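This report describes how parts of a protein chain are arranged. The sequence and the structure are shown first, and the description follows.

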Amino acid sequence: ASPEETTVLDYLTKQNRPYSAIDIFNNLHGAVGKTAVVKVLTSLTERGAIHCKTYGKQSVYVARQDALECPSAAELAAMDE
């Protein structure tokens, strides 16, 4: 994976919410170029690393939920307390 792919995937995973390509570009403050963000998102979607949902003309990208860590029963109980 390229450094740009790593940066975008890490960002989506840490934020764990849907973003458009423009939002990702703006939130990374230019760390990855606008054209590169679009190419990276397309590549990550094709590889199955992230999900893409299209609403009209806008595409929204989000990290795969099955790739995230799930807390154990003990950790959930500790959070509830």
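Helices (H or I, at least four residues) and strands (E, at least two) are DSSP runs, numbered from the N terminus. The model is predicted, so local features need pLDDT of at least 70 and side-chain atom pairs count only at pLDDT 80 or more, while totals for chains, interfaces and linings use all residues. Residues are numbered from 1 along each chain as its sequence is written, and side-chain values use heavy atoms, with hydrogens and water left out.

**Helix H3 and its surroundings**

Helix H3 covers residues 34–47, a run of 14 residues. From its first C-alpha to its last it reaches 20 Å, close to the 20 Å expected at 1.5 Å a residue; the expected span is 1.5 Å times one less than the number of residues. After H3 comes Gly-48, whose phi is positive, near 85°.

Four residues of H3 are named as buried: Val-37, Val-40, Leu-41 and Leu-44. Here buried means under 20% relative accessible area, exposed over 50%, and partly exposed in between (1.4 Å probe, protein chains only). Seen down the axis of H3, the buried residues fall within an arc of 100°, so they line one face of the helix; the arc is that of the directions from the helix axis to the C-beta atoms. Thr-35, Lys-39 and Glu-46, on the other side of H3, are exposed. The cover over the buried residues of H3 includes helix H1 (3–15), helix H2 (21–27), strand E2 (50–55) and strand E3 (58–63).

**Packing of H1 against H3**

The axes of H1 and H3 come within 10 Å and cross at roughly 75°. That makes H1 roughly perpendicular to H3. Axes are lines fitted to C-alpha atoms, for helices over the stretch in contact, and angles run from 0 to 180 degrees between N-to-C directions. Angles under 35 degrees count as roughly parallel, over 145 as roughly antiparallel, 65 to 115 as roughly perpendicular and the rest as oblique. Contact means heavy atoms within 4.5 Å. On the H1 side, the contact is made by Glu-4, Glu-5, Val-8, Leu-9 and Leu-12; on the H3 side, by Val-40, Leu-41, Ser-43, Leu-44 and Arg-47.

Val-8 of H1 is buried, with a relative accessible area of 0%. Beyond its neighbours within four places in sequence, Val-8 is in contact with Ile-24, Leu-28, Val-32, Val-40, Leu-41 and Leu-44.

**Strands E1 and E3**

Ser-20 lies in strand E1 (residues 19–20) and Ser-59 in strand E3. Leaving aside neighbours within four places in sequence, Ser-20 is in contact with Gln-58, Ser-59 and Tyr-61. Ser-59, on that basis, is in contact with Tyr-19, Ser-20, Ala-21, Cys-52, Lys-53 and Thr-54.

The two C-alpha separations below join residues that lie apart along the chain.

| C-alpha pair | Places apart along the chain | Separation |
|---|---|---|
| Ser-59 and Ser-20 | 39 residues | 6.0 Å |
| Val-8 and Ile-24 | 16 residues | 7.6 Å |

**Loop residues with positive phi**

Most residues other than glycine have a negative phi, and most peptide bonds are trans. Asn-16, in the loop between H1 and E1, has a positive phi of about 50° although it is not a glycine. Asn-16 is partly exposed, at 36% relative accessibility. His-29, in the loop between H2 and H3, also has a positive phi of about 50°. His-29 is exposed, with a relative accessible area of 72%.
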